[in-house]
Amino acid sequence: MGNPDGFLKYQRRDAKAVPVSERIRHYNEFHTPLSEKEQKTQGERCMNCGVPFCQSGMKIGNMLSGCPLNNLVPEWNHLVSLGAWKQAYDRLKLTNNFPEFTSRVCPALCEKACTCGANGDAVTVRANEYSIIETAYSEGYARPRPPKNRTGKRIAVIGSGPSGLAAADQLNRRGHSVTVYERSDRVGGLLMYGIPNMKLEKHIVERRINLMKAEGVTFVTGRNVGKDIPAEELLQQYDRVILACGASHPRDIRVPGREAQGIHFAVDFLTSTTKALLDNGLTEGTYISAKDKNVLVIGGGDTGNDCVGTCVRHGAKSVLQLEMMPKLPDERTEDNPWPEWPRVCKTDYGQEEAAAVYGADPRVYQTTVKEFLADENGAVRAAVLVKLSAEKDAETGRMTMKPVEGSEYTVDTELVLIAAGFLGSESYVTEAFGVETDSRSNVAGQQGSHRTNVEKVYTAGDMHIGQSLVVRAIREGRDCASEVDSGLMGYTNL
């Protein structure tokens with residue numbers, strides 16, 4: 001411990017967000033990092049407690065508590081407090097391939113399980129992680145380290161999201177020759193096109209990709225495996241194939257009027273904005289625009305919030321966000337004690353910005369769409385909404401949300417974004433490889449394994465476990481890589 005009573009002496013300080021009025025004028029990251037001195041002080045707040053729940057990554061109450069990567073949080077917090085940045089980076093890299101991503105987009109499960117947070121404010125773990133990795137780049141610690149020897153084994157990774165990249169990074173370190181296939185024009189999967197630039201600037205993704213290229217990983221973009229490239233071809237060319245294509249099949253809203261123009265899936269909307277931003281600086285007409293429109297976002301979560309924040313930057317006339325479930329409490333309840341994940345209402349950056357611009361929180365709870373209304377040209381012009389109430393299903397005993405009769409009302413909307421989650425992997429890939437899927441369309445691994453029913457084929461990430469967090473996807477990729485390596489070499493040191 002850098003300071004045994006640091007958590008008593010110092011208050012929590014985190015990176016400050018740029019005021020809403022300034023940040024909505026651009027698509028760049030908008031937090032100002034702490035100074036080196038301030039970050040060291042925050043490192044001193046770590047208690048180095050006897051049971052560091054921050055790094056546990058275990059399920060409590062069917063929810064994750066602590067870091068799924070089992071990051072050595074107390075160790076590098078202590079090293080941050082000492083200003084030992086190189087050593088802190090070395091400890092961080094032992095468990096996390098991409099701290100530059102997680103320190104920006106992870107919801108910080110570590111902080112929610114921090115012992116300091118049991119009766120006060122948690123340690124700024126994510127900010128400490130950010131400082132470690134950015135210092136590593138600026139000081140040259142994060143540099144290419146290609147393997148000294150190659151094993152002669154060849155591996156194909158299908159998908160360049162966080163799980164595919166993690167698997168590729170691990171296996172390349174081991175000395176295997178890895179080729180990553182990406183159907184989009186840029187590498188990164190959801191890191192590139194699913195997460196807005198203001199949360200994760202794309203030069204940060206490209207910086208890591210360039211480092212991986214320098215270490216020997218090969219990337220093939222614009223090739224869609226299962227369509228452009230037959231599965232049989234890869235199975236013949238490579239010793240192992242890892243399917244890490246994500247859970248990219250969006251859940252739809254099946255109501256009358258769904259065929260109207262102007263109704264889009266959230267991921268398509270976000271992708272169009274980021275691609276246009278990178279390709280041409282958001283030239284009008286090259287992306288799905290919310291400018292001067294009444295926007296209806298269906299669904300909460302990170303994706304719904306990202307849509308709200310993006311629409312604000314487009315210059316939407318208004319933004320309304322629907323959530324089917326009731327509003328969560330503002331503070332932990334007695335049946336949700338630390339170190340469980342806090343089931344509390346979270347106001348994210350998008351909702352904060354919408355409230356500042358339009359004068360009210362954009363979220364409407366216990367509400368869904370009953371029907372879309374189109375104009376004479378077939379474009380959506382309004383949505384009929386209906387209130388919902390929680391009722392227990394007589395057969396299953398589960399609580400379900402049922403429409404309240406007579407509660408319908410109509411709102412104007414010229415753009416609808418469906419952010420209702422994902423149903424699993426896309427069928428053309430699973431069918432091409434002949435892998436079995438479960439009831440949720442996820443690729444079914446063997447019991448406790450990433451192996452599929454097809455010889456030489458493995459799976460990882462959201463394609464395996466369903467829609468989840470970037471940090472869990474990285475863990476999936478690491479675990480899959482260890483299993484592949486062990487199968488190829490008879491043992492693994494990953």
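Which helices each supply at least two residues of the lining of the largest cavity?

Analyst: Helix H4 (73-82), helix H7 (109-112) and helix H8 (125-139) each supply at least two residues of that lining. Helices here are DSSP runs of H or I with at least four residues, strands are E runs of at least two, and both are numbered from the N terminus.

Some ground rules come before the details. This is a predicted model, where local features need pLDDT of at least 70 and side-chain atom pairs count only at pLDDT 80 or more, while totals for chains, interfaces and linings use all residues. Residues are numbered from 1 along each chain as its sequence is written, and side-chain values use heavy atoms, without hydrogens or water.

Now the cavity itself. On a 1 Å grid over the protein atoms alone, a cavity is a set of points where a 1.4 Å probe fits but cannot get out; a pocket is an open set with protein on both sides within 12 Å along at least five of seven lines; lining residues have an atom within 4 Å of a point. The largest cavity has a volume of about 110 Å³ (the space filled by probe spheres set on the points, which are joined across faces, edges and corners). Its lining holds 15 residues. Nearest the centre lie Cys-67, Asn-71, Cys-106, Cys-110 and Glu-129. Helix H8 gives the most to this lining, with 3 residues. By class, 10 of the lining residues are nonpolar, 3 polar and 2 charged (nonpolar: Ala, Val, Leu, Ile, Met, Phe, Trp, Tyr, Cys and Pro; charged: Asp, Glu, Lys and Arg; polar: the others, Gly among them).

The whole structure holds 4 cavities of 30 Å³ or more.

Helix H5 leads on to an open site. The second largest pocket has a volume of about 340 Å³. It is lined by 13 residues, and Tyr-89, Lys-93, Arg-145, Arg-173 and Glu-215 are the closest to its centre. Helix H5 (85-93), helix H9 (162-174) and helix H11 (202-214) each supply at least two lining residues. The largest share, 3 residues, comes from H5. This lining has 5 nonpolar, no polar and 8 charged residues.

Last, the whole fold. The protein has 18 helices and 20 strands. Its C-alpha atoms fill a box of roughly 65 × 60 × 55 Å along the principal axes. Buried residues make up 51% of the 494 residues. Among contacts (heavy atoms within 4.5 Å) with a separation of 6 or more, 67% join residues 24 or more positions apart.

Conventions
Buried < 20%, exposed > 50% of the residue type's maximum accessible area, 1.4 Å probe, protein only.
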